[in-house]
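Dear colleague,

Please find below the structure that I am handing over to you. My findings follow directly after it.

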Amino acid sequence: QVLMEVGVYALVASYLVLRRGRAPRLARTTPLLFAMWSYVAALCTSVAWSVYPTMALVRGTQLLVVAALAQTIASNATRADVHRFVHAYLVLVCGSIVIGLGVHGHLNNAVEGRFHWLYTHPVPNAIFLMIGTLSALAYFRSAALRSVLGLWPRWVYGAVASWIGMALLLSKTRGALGGFLVGIIVLTVVRTRTRTKVDTIVASLAVVSFVAVTFSAAIVTYIERGQDIDKLTTLNERTNLWALALDRKSTRLN
């Protein structure tokens, strides 16, 4: 399976080199692409400090291939191409959910009961689901987006958003759900006319506040996932790990 995974990345890299015949153009780099390459550079640089250098090198190379593919798409694809890609992504995610309902291999006891497909961990699953839900909601909300290709009627996007959103909730991945909420805020602000933005934001805050107060007990239980609340304050021991890393770095410097 690992060799197959690496092979897929090798095929994509070969396609970019042989089909395009040159490196991705940088003349049309946007702030978003600049941020992507900055992130890629930081992660690839961190390979030098990894305790698993071989695995880190492979992952870093895979990330470079993904970034090069994203740059190539951004530099060469038309607007319609991007919309077709998003629709293909929605179909893929919806199909993956169907697979996940029937085939979800056991990973470990810590993720038992959380939705995922095959042997993929719920966290990357939830990231795919979050992007899919937000994309479907964007099309559902915006007539301008739907008019570009006119592939599906509005109700289909609503059904797709509900289907993927259900799986996102069942994944019980707190980070992805937090990202989804941020995405909803951005989507609301961007896709709302200026004169009605304030009213929309105020109404949304009122609805969120009502839900938070009315269903607070259920929400807390959902977020806890059967864990101790003290563990949540450390982001599942992440802050403790960061503190340990900073302490070791300070010790080395001294």
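On the face of α8 turned away from its buried side, the exposed residues are Gly175, Leu181, Val182 and Ile185. Please bear in mind that this is a predicted model. The buried residues of α8 are Ala176, Leu177, Phe180, Gly183, Leu187 and Thr188. These lie on the same side of α8, because the arc that they cover around the axis is only 135°. As to its dimensions, α8 consists of 17 residues and spans 24 Å from its first C-alpha to its last, close to the 24 Å expected at 1.5 Å a residue.

The largest nonpolar core has 21 residues, and the members that touch the most others are Val93, Ile97, Phe115, Leu129, Val160, Ile164 and Leu168. Two or more residues of this core come from each of α4 (79–102), α5 (122–141), α7 (154–171) and α8 (174–190). The greatest contribution, six residues, is made by α7. Which residues does isoleucine 164 touch, if those up to four places away in sequence are not counted? They are Leu90, Val93, Cys94, Ile97, Leu129, Gly132 and Thr133. Another core, of six residues, lies apart from the largest one; among its members are Ala138, Tyr139, Tyr157 and Leu187. As a general point, nonpolar side chains in soluble globular proteins tend to be buried together.

How many salt bridges does the structure hold? There are two. One of them joins glutamate 5 to arginine 59, with 2.5 Å between the closest N and O atoms. Glutamate 5 belongs to helix α1 (residues 2–20) and arginine 59 to helix α3 (residues 53–76), so this pair ties together parts that are 54 residues apart in sequence. Glutamate 5 counts as partly exposed because its relative accessibility is 30%, and arginine 59 is likewise classed as partly exposed, at 47%.

Aspartate 81 also forms a salt bridge, with arginine 84, and here the closest N and O atoms are 3.2 Å apart. Aspartate 81 and arginine 84 are three residues apart in helix α4, so about one helical turn separates them. An α-helix has 3.6 residues a turn, so residues three or four places apart point the same way. Aspartate 81 is partly exposed, with a relative accessibility of 33%, and arginine 84 is partly exposed as well, with a relative accessible area of 47%.

With kind regards

How values were computed:
Residues are numbered from 1 along each chain as its sequence is written. This is a predicted model: local features need pLDDT of at least 70, side-chain atom pairs count only at pLDDT 80 or more; totals for chains, interfaces and linings use all residues. Side-chain values use heavy atoms; hydrogens and water are left out. A nonpolar core is a set of buried Ala, Val, Leu, Ile, Met, Phe, Trp, Tyr and Cys residues joined through side-chain atoms within 4.5 Å. Buried means under 20% relative accessible area, exposed over 50%, partly exposed in between (1.4 Å probe, protein chains only). Helices (H or I, at least four residues) and strands (E, at least two) are DSSP runs, numbered from the N terminus. Contact means heavy atoms within 4.5 Å. A salt bridge is a side-chain nitrogen of Lys or Arg within 4 Å of a carboxyl oxygen of Asp or Glu. The expected span of a helix is 1.5 Å times one less than its number of residues. The arc is that of the directions from the helix axis to the C-beta atoms.
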